[in-house]
Amino acid sequence: MLEYLFLESSRIFSDVPSDIVIEVDGICFALHKFPLVSRSGRIRKLVADGRDSDVSKLEFPGLPGGAETFELTAKFCYGINFEITTSNVAPLCCAAEYLEMTEEYAEENLVSRTEVYMEEIVSQSLEKSLEVLQNCDNLLPLTEELKIVSRCIDAIASKACREQIASSFSRLDYSSSGRLHSNGQPKNSGDWWVEDLSVLPIGLYQRVITAMKSRGVRHESIGASLMHYAQHSLKGLSKKQSVWDATTRSKINAAAAMEHEQRILVETIVSLLPSEKNTVPISFLFGLLRTAVMLDTTVACRLDLERRIGLQLDFAILDDLLIPSFLHTGDTLFDVDIVHRILVNFLQQDDNQDHMDSHSGYESDGLGSPSQTAIIKVAKLIDGYLAEIAPDTNLKLSKFIAIAELLPDYARVVDDGLYRAIDIYLKAHPGLTDMERKKLCKLIDYQKLSQEACAHAAQNERLPVQAVVQVLYFEQLRLRNALAGSHADGEPTTVYQSQRVSSGVLSAAMSPKDNYASLRRENRELKLEIARMRMRLNDLEKEHVCMKKDMEKSGSNKFMNSFSKKFSRMNLFTRSNSRGQGTPSKQPQMQDAKNLRRRRHSLS
């Protein structure tokens, strides 16, 4: 049933009945031909073409803006005043162009009136341009042909850039001495538009952000806008996912369409991320990556996110790395392959990526360089991640080792975290063979274990025997070096021996069986040497008591002679600088010192 509307034209044509009916989207308007043909070239042509048949009804099923916009154009033809606003100017522009309401048929026609409003009102305001652009989405492609969209986008980008520049200058104030001072205004007071852009559809939003980048808008502001847009657009993702299990075909089709839209949205946001480093928090990047995996976006989209995360992995926390495996193939609980690729990206950063960050890039190998600090932080993070995924019974040994061995040797100052992760993995996977356990434990540098970790490892039945022996050996070596250092102030043979052990010469030059026998033999020798040291210390204590008695009985000369003899006997761990023959009392002591050094050299 058609609905008839009668405009307020009775005040002008009170005694003239309507002679034409205009139907728009099922709604009929009873109007008069004269005011319409005087303003609209399209209606004039249609009436003129049907003069012989006396046209009394016209239909405009595709009129832009629908019946509501046509009512405004009809009021304009009748001379009835109404207000042009940001909400109706875009439909009026399209309807005026559709009805050919140009200056050719009347002065100050609707096309020119809307053009004046766009130029003087809309283009001068970022907020008004944004409102008009929001209403252009339903009028495409006509708004695109009329360049309404492009004009609004250019106005938004240019105004945003100008406001940022003005805001930057307004935050600075000159004192009487000529120095700049901050006036305490908010840091990003010119970025109020960040949240307002979220009302745009993704297609128009993409064009706005691209225009802003070309105009020089700050990368931090663009990153903040992308974060807010993603949070606003994807906030109902988990709720929408629950509908996907519905059995009705209509719900399944709707869910598939919704999933496709969200996939396009995520891929577009990722493509708009600034190339500069640290423009968005790493937690936001991880959130995008989880969503991208869940929605099964393109491989290029996911790899781009992994690369960006790798550039700032040192800012991540453990919860960020725990990305669930959405494939549900019965493999692992967490997606280990993603973390592996992210770690590879972190370690393969290009030194020449100046546009990323002037402080990034592994330009120095020194311990104080930023790259060294970042690697140490990432090593602790990865060790914690390995401990978190180790209890997963489906986690393959090859994947666990692949992540653990990626980090260089200098990344881990202490190997306690790695030892803990390996111990958890051994406990959760009791079916590992001896060869697999040995391969896994080779990742640990036992010289980097703390005393607590060594004490635990020495009694850990899950470790291979060779690993336990190495722990005991290095503990004995550490004790021997401590004792030797306290008496000899770092003897060269001891330091050299420690360096050789640290470099792995002992284990690399022998087979595992020979290495095990050698370690046991050297362990016994170290124990004997420590026992001899204790006996020598007891002798020295007895001699010290005798020296006190000599001081009391003899005079000062006798005391000095006795003291010099005693002191020569106490000099066990220092080399004699005398080139001549020693006294008979010194010969046995020098022989003992030589034997002691020979035993130390036998360790190598």
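Helices are DSSP runs of at least four residues, numbered from the N terminus. Threonine 73 lies in one of them, helix H3. The model described here is predicted.

Threonine 73 has a relative accessibility of 1% and therefore counts as buried. Its contacts beyond the neighbours within four places in sequence are Leu92, Ala95, Leu99, Met101 and Leu110.

The protein as a whole contains 28 helices and six strands. It has 604 residues, of which 42% count as buried. Among contacts with a separation of 6 or more, 70% join residues 24 or more positions apart.

Six aromatic pairs were counted. In one of these, the ring centres of phenylalanine 60 and tyrosine 98 are 6.1 Å apart. The ring planes stand at 90°, so this pair is edge-to-face. Phenylalanine 60 lies in the loop between strand E4 (57-59) and helix H3 (66-78), whereas tyrosine 98 belongs to helix H4 (residues 89-98). The pair therefore ties together parts that are 38 residues apart in sequence. Phenylalanine 60 is buried, because its relative accessible area is 2%, under the 20% cut-off. Phe60 and Tyr98 also belong to one aromatic cluster with Phe29 and Phe70.

The charged end of lysine 377 is placed over the ring of phenylalanine 315, at 5.5 Å from its centre.

In helix H2 (residues 41-49), the buried residues are Gly41, Ile43 and Val47. These cover an arc of only 160° around the axis, so they lie on the same side of H2. Their cover includes strand E2 (20-24), helix H1 (33-37) and E4. Helix H22 (residues 451-458) has Ala453, Cys454 and Ala457 buried. The arc here is only 100° around the axis, which puts these residues on the same side of H22. Gln451 and Glu452, on the other side of H22, are exposed.

The disulfide count is zero. Cysteine 94 is in no disulfide, and the nearest cysteine sulfur, that of cysteine 93, is 6.7 Å away. Cysteine 94 counts as buried because its relative accessibility is 0%. For cysteine 136, the closest cysteine sulfur is in cysteine 152, at 5.2 Å, which is too far for a bond. The cut-off for a disulfide is 2.5 Å between sulfur atoms. Cysteine 136 is likewise at 0% relative accessibility and so counts as buried.

Most residues other than glycine have a negative phi, and most peptide bonds are trans. The peptide bond from leucine 140 to proline 141 is cis, with omega near 5°. Proline 141 is found in the loop between helix H6 (126-135) and helix H7 (142-145). Lysine 147 is not a glycine, yet its phi is positive, near 65°. It is placed in the loop between H7 and helix H8 (148-170). With 54% relative accessibility, lysine 147 counts as exposed. Asparagine 278 also has a positive phi, about 65°, although it is not a glycine. This residue is in the loop between helix H13 (249-272) and helix H14 (282-295). Asparagine 278 is partly exposed, since its relative accessible area is 36%.

Valine 344 lies in helix H17 (residues 336-347). It is partly exposed, with a relative accessible area of 21%. Valine 344 and glutamate 306 are 38 residues apart in sequence, and their C-alpha atoms are 9.7 Å apart. Lysine 380 is in helix H18 (residues 370-389). At 65% relative accessibility, it counts as exposed. The C-alpha atoms of lysine 380 and aspartate 314 are 9.8 Å apart, while the two residues are 66 residues apart in sequence.

Notes:
Residues numbered from 1 in each chain as written. Predicted model: local features only at pLDDT ≥ 70, side-chain atom pairs only at ≥ 80, totals over all residues. Heavy atoms only, no water. Buried < 20%, exposed > 50% of the residue type's maximum accessible area, 1.4 Å probe, protein only. Phe/Tyr/Trp six-rings, centres within 6.5 Å; stacked < 30°, edge-to-face > 60°. Helix = DSSP H or I, 4+ residues; strand = E, 2+ residues; numbered from the N terminus. Lys NZ or Arg CZ within 6 Å of the ring centre and 35° of its normal. Arc of directions from axis to C-beta. Contact = heavy atoms within 4.5 Å.
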